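Dear colleague,

I am handing over the structure below, and after it you will find an account of what turned up when I went through it. Please read the account with the sequence and the model open beside you.

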Amino acid sequence: MSDRPGVDASIQAITRLDLRPAPGSAPAWAMVRSHALMETRLLLRNGEQVLLALVIPLLLLVGVAKAGGVVDLGPGRRIDVLTPGVMALAVMSAAFTSLAIATAYERRYGVLKRLGASPLSRTGLLTGKVVSLLGMEAVQLAAIGGVGLALGWNPEGGLTAALAACVLVLIGTVSFASLGMLMAGTWSAEATLAGANLVYVLLLVVGAVVIPAASYPDPLRAVATSLPSGALAEGLREVLRGEGLVWTRAVALCAWAAIGTALAIRTFKWE
Amino acid sequence: MEVTNLVMRYGDKVAVDGLSMSVEVGSITAVLGPNGAGKTTTLETCEGYRRPQSGRVTVLGLDPVTQHRALAPRVGVMLQAGGAWSGSRAEEMLRYVASLHANPQSIDAVVGRLGLGACGRTPYRRLSGGQQQRLRLAMAIIGRPELVFLDEPTSGLDPQARRAAWDLIGELSAAGVTVVLTTHYMEEVERLASDVYVVDSGQVVAAGSPAQLMAAGARGLITFEAPSGLDTADLLAALPPECEVREERPGRYAVRGRVSPQMLSAITTWCAKREVMPGQLNVERHTLEDVFLALTGKELR
């Protein structure tokens with residue numbers, strides 16, 4: 001026995017490896033947790049992603065709230081119209097833009113390919129991504145809600161409204177995420193990077209996200225509210241104003257989720 | 001592992017054309033071939049990435065596609081490129097892959113053994129080619145697999161790292177791990193492989209141990225290297241009867257005949273008189289590179 005077993009053990013470990021086979025998978029939950037943590041760490045390390053996920057939504061929230069009449073948000077208290085819209089924008093940035101770009105680069109750099117040969121199943125991989133994504137969204141929504149409240153946001157409808165908002169966010173996440181995966185699984189990494197950002201900006205301008213559909217001219221209004229961005233943002237505005245869940249919003253989001261998922265499953269290329 | 005009559009096509013192009021090979025448990029099998037010969041396609045079919053279009057593949061007694069979930073934890077894979085997040089750090093990536101396995105190697109031990117400690121907090125995309133390569137090798141062994149597939153494990157490594165990788169691969173085999181690797185380095189094959197498959201245009205053109213391959217067709221042959229332009233007729237005159245001398249390519253001489261100590265001595269004596277040092281002297285044995293070039297031709301792929 002050595003006086004300093006720790007030191008001896010580490011020297012031993014560096015010089016010799018016990019390479020005898022002892023294969024086996026970690027438990028499924030442990031793999032999902034590990035994957036979700038890994039993706040979250042990588043996301044937080046990436047400055048652009050943090051900018052997109054948190055900084056831009058918060059700047060918009062504070063900027064537009066303080067900008068007075070520069071941006072017309074239609075009827076209602078400004079901050080009450082603005083906060084749910086910025087929440088929808090945050091969901092869109094995380095579930096669509098961030099996810100699409102990250103996944104496209106995972107495909108490009110052979111990460112998905114390598115993981116295909118690991119004990120982590122595709123279901124496990126997707127679950128890990130969803131857990132990481134929902135964690136990100138929880139942080140985003142808490143931050144936006146907090147800043148909104150500090151700026152005088154007054155959500156109505158109590159617990160029922162909060163639950164309905166959660167349901168909308170969940171279906172919205174599925175629809176955005178499936179569309180993001182559709183893009184990431186078929187386009188090159190560069191095309192996805194450009195495309196996902198372009199779609200983000202286009203939807204921000206014409207997708208009834210921050211500026212409510214009521215401020216849009218007539219034909220554009222119908223289009224905007226049937227897009228996932230408009231459906232989620234309008235739905236959140238209605239619910240958090242205490243008007244209850246408007247079913248057409250949920251139906252529109254479910255339809256996008258169904259179309260996106262079906263197409264993504266059919267077309268996704270892992271390499 | 002057993003591959004029988006594997007055929008793989010990409011569009012009109014046949015990548016693998018009726019390839020068969022069989023790998024013994026605990027052996028080191030090298031798959032050798034020019035670029036585009038079908039090595040990687042074969043390996044990736046064994047890894048379960050592609051479904052055999054024709055033929056059969058079994059790995060550890062399992063079908064790599066339909067029984068992929070049962071197989072994946074038992075197999076370690078080193079891809080030819082990529083496989084790590086561009087923003088991940090070496091140790092973090094290794095820790096992540098380890099977390100997917102039940103009894104992984106100690107991270108510190110593997111990091112120490114493959115010299116990955118120097119990578120520190122540098123993201124994968126900014127590591128040197130050799131560091132990326134060593135990390136990929138580490139990722140293949142971290143889960144204590146029974147079988148490892150190493151696609152060009154030492155390409156781009158400096159000589160020190162190459163030797164470290166060879167030692168590790170040798171130890172894997174000694175510990176009972178089956179190793180299947182592709183390579184372009186003949187020295188790697190001679191040092192490591194117990195079995196070699198030379199593949200060209202999707203077919204096995206030669207198979208056997210390195211010694212068998214080098215001995216095949218080398219009966220009655222002595223080769224050596226010396227300055228080009230030696231007088232071969234004069235050398236022939238100094239040799240026992242019924243020999244043949246040719247300068248096969250500049251500076252490389254082949255003597256054919258009944259190989260005997262006298263014949264070898266006659267060659268070296270003739271050289272000594274002319275102050276010529278015969279190098280790379282091979283008696284009834286081709287170099288692996290010669291075998292390879294003879295089998296696969298000399299044109300560039």
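**Helix contacts in chain A**

In H4(A), the residues A:Leu89, A:Met92, A:Ser93, A:Phe96, A:Thr97, A:Ala100, A:Ile101, A:Ala104, A:Tyr105 and A:Arg108 are in contact with A:Ala189, A:Glu190, A:Thr192, A:Leu193, A:Ala196, A:Asn197, A:Val199, A:Tyr200, A:Leu203 and A:Leu204 in H8(A). Sorted by kind, the residues of this contact between H4(A) and H8(A) comprise 14 nonpolar, four polar and two charged. Please keep in mind throughout that this is a predicted model.

As for the geometry of the pair, helix H4 of chain A covers residues 78-108 and helix H8 of chain A covers residues 189-206, and their axes come within 8 Å and cross at roughly 170°. Because angles over 145 degrees count as roughly antiparallel, H4(A) is roughly antiparallel to H8(A).

**Helix H10 of chain A**

Helix H10 of chain A, residues 228-240, has 13 residues that should span 18 Å at 1.5 Å a residue, and this agrees with its end C-alpha atoms, which are 18 Å apart. Of the 13 residues of H10(A), 13 are buried, so the helix is largely enclosed by the rest of the structure. Just after H10(A) comes A:Gly242, which takes a positive phi of about 85°.

**Salt bridges**

Over all chains, the structure holds 24 salt bridges, and a few of them are described here. In chain A, the salt bridge between A:Arg20 and A:Asp18 has its closest N and O atoms 3.0 Å apart; A:Arg20 is exposed, at a relative accessible area of 53%, while A:Asp18 is partly exposed, at 33%. A:Asp80 and A:Arg77 also meet through their side chains in a salt bridge, at 2.9 Å from N to O. Here A:Asp80 counts as buried, with 16% relative accessibility, whereas A:Arg77 counts as partly exposed, with 44%.

In chain B, B:Glu187 and B:Arg191 form a salt bridge whose closest N and O atoms are 3.5 Å apart. Both residues lie in helix H7 of chain B (residues 186-192), where B:Glu187 and B:Arg191 are four residues apart, about one turn of the helix. B:Glu187 is partly exposed, its relative accessible area being 40%. Elsewhere in the list, a network of salt bridges links B:Glu225, B:Arg249, B:Arg252 and B:Asp290.

With kind regards

Notes: Residues numbered from 1 in each chain as written. Chains lettered and ligands numbered in written order. Predicted model: local features only at pLDDT ≥ 70, side-chain atom pairs only at ≥ 80, totals over all residues. Heavy atoms only, no water. Salt bridge = Lys/Arg side-chain N within 4 Å of Asp/Glu carboxyl O. Buried < 20%, exposed > 50% of the residue type's maximum accessible area, 1.4 Å probe, protein only. Helix = DSSP H or I, 4+ residues; strand = E, 2+ residues; numbered from the N terminus. Axes fitted to C-alpha atoms, helices over the stretch in contact; angles between N-to-C directions. Parallel < 35°, antiparallel > 145°, perpendicular 65-115°, else oblique. Contact = heavy atoms within 4.5 Å. Nonpolar A, V, L, I, M, F, W, Y, C, P; charged D, E, K, R; others polar. Expected span 1.5 Å × (residues − 1).
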